Structures are given as structure tokens and as C-alpha cells.
Amino acid sequence: MRDFSPKTNIGMPWRKVIVNNVLGFHIFNDQRIDELHPSPITMAQPADLAARAVIGDLTIGIIGLGYVGLPTAIGFHDAGFEVWGVDVSQRTVDMVLKGENPTGDPDVNDIIPAPGTERWSITTSTAEAVSLCDVVLVTVPTPITQDLKPDLSYVAAAGRAVFEAIPKDSNTIVVLESTVYPGVTAQTWNPIIEELGLEIGKDLEIAYCPERFNPGDPAHGVRQVARVIGCSNPEVGQALVALYSKLTSEDVRYVGKLEVAEAAKVIENVQRDINIALVNELARIFPALDVDVEDVLSAAATKWNFHRYTPGVGVGGHCIPVDPYYMIQRAADVGVPAGLITAARAVNRSMPNHVAQVLLNILWKAGLSAENTKVLLLGWSYKAEVGDPRETPAEPLAEALHEKGIGVGVFDPHLSASGMPEHVEWVDSLESAQGYDMAVLVTAHKACVEIDWSSLLAQMNHPILYDGRRVLDLSSLQQAGWQTYAVGKPI
Ligand code: SAJ
């Protein structure tokens, strides 16, 4: 049976801790813990959890050690907590136990605790971990199905595994961090909690704290981003404010009920998708007006509140192209149209095919027939400096070119050949990229931008270059002998 008394020895003087308006009181030197808790503690009370969070005296479980879960586990461990990391993948568990990084995010390299590190336990068994945790964070995928509907199966499965392992009367706090739509946490988990005969407020509490993790962006890691917390129990919400305030140096706030926090996260990404869709639509309009969209955006960006986005080959990743469908679904559930969100998704989803058509036009102008043409894609990952192919626009682009009979090669040093479509030729090094008729920058990795362009030019059959991310110095490359084109630029 777990010992619910605070893990700090009763009677030991508390360190001077200032609980920043979480508990509403200050604990100073020489005040004894038993004066705060005269009666033995039978279950973790929110105020007790908050106080223990402040001194790092909690055991935290993280379910799902992926792009978000693993950095989160490391972050709480670095903050001094006892951490249990759980993943269904034995490969992931084995790699983490060896101190290796199973994710494609290079920012996680070299920060995984070494084998045998104290306060660091990694397992495939949710039951083993949860029985020892005060707080359990669920960081599992929330993808979409083939027909673009939310897939909540991971949230349900992880929730069930956690709830089945929660000790009676433990009042364990279970926090969902995955991106969902308003209502998911309660709608998905409450039926399971009821089925298992558990009681909220006695056996457990549920809360929502959206992850705001930006792979490949060390400036916004789990220890440097603001967080919001939703929970139907304000005291638990405040206890979680104390806990997450130990993880991140940025603002942490309780925002009220679950749905408020769920909605905040999903609209953060909806807004981003809509803004990107706007510049992508402009990247199709302005070339038809013989105007370069980047010139227009540069001019507009001189206005103090113009937020600039960049047109590209498309919008990939596990967040931006996925989360809007969660909002669309939720709006549909309540019979409210989400026309703008839907339209933005359609624009961004259409970009790979639009770019493929532009490339075909360029090849046609150069007198090249599709059948005898090879195109080299520089980059495959959905975003620069990470090795993550999820929802990458490179895939539909390569498919569209392949369907026209064009040979497609891919160079992406952040990924390996495994998992690539069969029709794609994997290029291990640019030196081996011979006889291509066009090079297309799909992902603005440094390894695809800061290259020896003159060497690549010498290897090409035709000197055609298309900048799909508007990051290249096209005039310099033009002077060096390339015929340069770009998304949003008139041909
Ligand atoms: N993209 C564009 N034009 C832009 C910005 C992005 O085409 O102006 C494309 C990228 O190439 C990529 C996709 O959109 O294919 C998504 O890029 P992203 O920069 O939004 O990167 P993500 O998907 O990793 O988004 C993450 C998210 N973080 C979390 O979910 C915690 C998102 O909420 C952040 O807003 C985003 O990082 C960010 O701010 O960088």
C-alpha cells in the first residue's frame, strides 16, 4: 500500500519555500510539517500535493515517451522529481534505458539520463508505474483517421491502463497533455472511470494541460514554455500549477474547466493553419498577377501588427495539419459550421499537388518530357532540423510526380531510407546525386540549404532549381548558373 504521508520526514524543518500564491500561505523555517498536517494523511489532498510539488516531493508518471513525453519526463527529472516513464514499445524503453534517443528530435540527444540514474525508472508496464505515482501525465498520439476524423483510441487505451492501476482512495491526478478538442478528456475517460467503479475526488482526479512542444526548437523546450491547466476542481488545478511551475520557467495558469484548456491548445494550431493557408493561397494568386508573393509579404510586414508566415510545399507534422480536424469534428458535433477552418485545411492539403503542377509546367517549358525526367527532393521531413516524416507534404508531392512518370530521388540526412515509398530513390549523399533534371527544396534543413551548390550544379542534367520554402538566395544561385524558381514566384 502506498505511503501517503508526505515524503519529507515528519518533524524535519521545512526548507523556506514561498508558494507563489498557489496555497495562499508561506512556509518558513522552523515550521514543522506536523503543524501543517496534524492528522495522518489518508489520501493526497490538493494542498498537500501542491506543497509537495513545491519541494519536488512527488512521483510523476509519464505515459508515452515520444516527441513530447520523453522531454517531459526528462524535464521533471531535471526538476528533481521521481519519474516513471512508460511506453508500450519495448524498443523505446530499451533505447531510453540505454540513454539513447528514440525520437527524431535532435534536441533530446545527450539529455537522456544515463543508465542507473536515480529517480529515473522506465518500463513498458503502466500498472507497475501508476501504482507508485502521485501524478500521471498522458502524452500519447492523437492522430486522424484516413477519413480525417479524430482518432482517440490511444487516449482511451492509455486512460484505461492508468485507471485500472490506480490504488483506491489515492486521489491520483491524471493529466492528459495530448492535443484534443473541447470535451475529449471527460467524454473519453469518464465512462471508463465509471465502468471501473472509481470515484473522482476520492480515487483520482482528471485534468488537462496541453503540451506546447516545438520539435527542433530548443528555445521552446518543455522547460521554457507557458502552460495552461484545466480541471473541474480548482484546488487540483492550483496543485498542478505548483507542479508545472517546477517544470517551466514561463507562466503557468489555471484557466478553469477542462474544456477551456482543451480549446486553447487546439485553436492555437487552428490559427496557425489558417494563417499559413492564407499565404499559400496568396502564393497561388500573385504569380498569376506576375507578382512575387514574397515581395508582397515583405512589404506588408512593415506594418506593426502584420504577422508573417511563409508559403511552402505544404503543411506537415503531427500538430498543425491534424488538430484543425479535431475542431471541425467538435463543431460538427454541435451543428455549427467550421467553414473557414475547413477551407484552410483544403488549401494547405492542396499545396503539394499545386507545386507538382508548377514543376511539370517548368519541365514542359524546358522541353523535358516527364518519362525521361528525374527530380531530386532536398528534404523529406515535415520541418527543418527534425527527422519526422509524419504528414510530410513531400509524400503527396513525390506521389504526384511519380504518377506523371517522373523519377523521384530524396536526400534527407535527418531520416533513413526505411519507410520511404517504394517508387522513391533514396540518395545517401549529394555527391551520389547524378543526372537529375531538377532539384526541389522541400525541407529547409541546414543540410539541404547550406550545401555546395556549384558541385550539385555540375552533377545535374539540367540546372533547374525550385525553392519550395522560400529560404534560398535565388539571385546568387541564378548568377551561379541555376535556373531558379520558387513557390509564389512567377515563372
Ligand atoms: N509551415 C509553413 N509556413 C509557415 C510555418 C510553417 O508552411 O509559415 C509548415 C512547416 O513547414 C511544417 C508545418 O507548417 O510543415 C508545421 O510547422 P510548425 O512550425 O507549425 O511546426 P510544428 O508542427 O512542429 O508545430 C509546433 C506546434 N507546437 C505544439 O503543438 C506544442 C505548434 O503548436 C507551434 O505553433 C509550432 O510548433 C511553432 O510555433 O513553431
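Helices (H or I, at least four residues) and strands (E, at least two) are DSSP runs, numbered from the N terminus. By that scheme, S121 is found in strand β5 (residues 120–123). This is a predicted model, where local features need pLDDT of at least 70, side-chain atom pairs count only at pLDDT 80 or more, and totals for chains, interfaces and linings use all residues. Residues are numbered from 1 along each chain as its sequence is written, and side-chain values use heavy atoms, with hydrogens and water left out.

- S121 is buried, with a relative accessible area of 19%. Buried means under 20% relative accessible area, exposed over 50%, partly exposed in between (1.4 Å probe, protein chains only).
- Leaving aside neighbours within four places in sequence, S121 contacts E82, V83, W84 and G85. Contact means heavy atoms within 4.5 Å.
- N233 sits in the loop between β9 (227–230) and α8 (234–247). N233 is also buried, with a relative accessible area of 19%.
- Not counting residues up to four places away in sequence, N233 touches E205 and Y254.
- The C-alpha atoms of N233 and A356 are separated by 52 Å. Along the chain, N233 and A356 are 123 residues apart.

**Helix α6**

- Helix α6 (residues 153–165) has 13 residues. From first C-alpha to last it reaches 19 Å, close to the 18 Å expected at 1.5 Å a residue. The expected span is 1.5 Å times one less than the number of residues.
- The buried residues of α6 are V155, A158, G159, V162, F163 and A165. They cover an arc of only 160 degrees around the axis, which puts them on the same side of α6. The arc is that of the directions from the helix axis to the C-beta atoms.
- An α-helix has 3.6 residues a turn, so residues three or four places apart point the same way.
- The cover over the buried residues of α6 includes β3 (59–63), α5 (126–130), β6 (135–138), β7 (172–176), α7 (184–195) and β8 (204–208).

**Aromatic rings**

- The whole structure holds 5 aromatic pairs. Rings of Phe, Tyr and Trp (its six-membered ring) pair if their centres lie within 6.5 Å; planes under 30 degrees apart count as stacked, over 60 as edge-to-face and the rest as tilted.
- The ring centres of F76 and F81 are 5.7 Å apart and the planes stand at 80 degrees, so this pair is edge-to-face. Both F76 and F81 are buried.
- Y181 and Y326 form a tilted pair, 5.9 Å centre to centre with 45 degrees between the planes. This pair links distant parts of the chain, 145 residues apart: Y181 is in the loop between β7 and α7, Y326 in helix α11 (residues 323–333). Both Y181 and Y326 are buried.
- F76, F81 and Y244 form one aromatic cluster.

**Charges over rings**

- K303 lies over the face of W304, at 4.5 Å from the ring centre. A charge sits over a ring if NZ of Lys or CZ of Arg is within 6 Å of the ring centre and within 35 degrees of the ring normal.
- K374 lies over the face of Y436, at 4.2 Å from the ring centre.

**Nonpolar cores**

- The largest nonpolar core has 44 residues, of which L359, L377, W380, L397 and Y466 touch the most other members. A nonpolar core is a set of buried Ala, Val, Leu, Ile, Met, Phe, Trp, Tyr and Cys residues joined through side-chain atoms within 4.5 Å.
- Helix α12 (residues 339–365) gives this core its largest share, 8 residues.
- A second, separate core of 43 residues includes V184, I192, I206 and L258.
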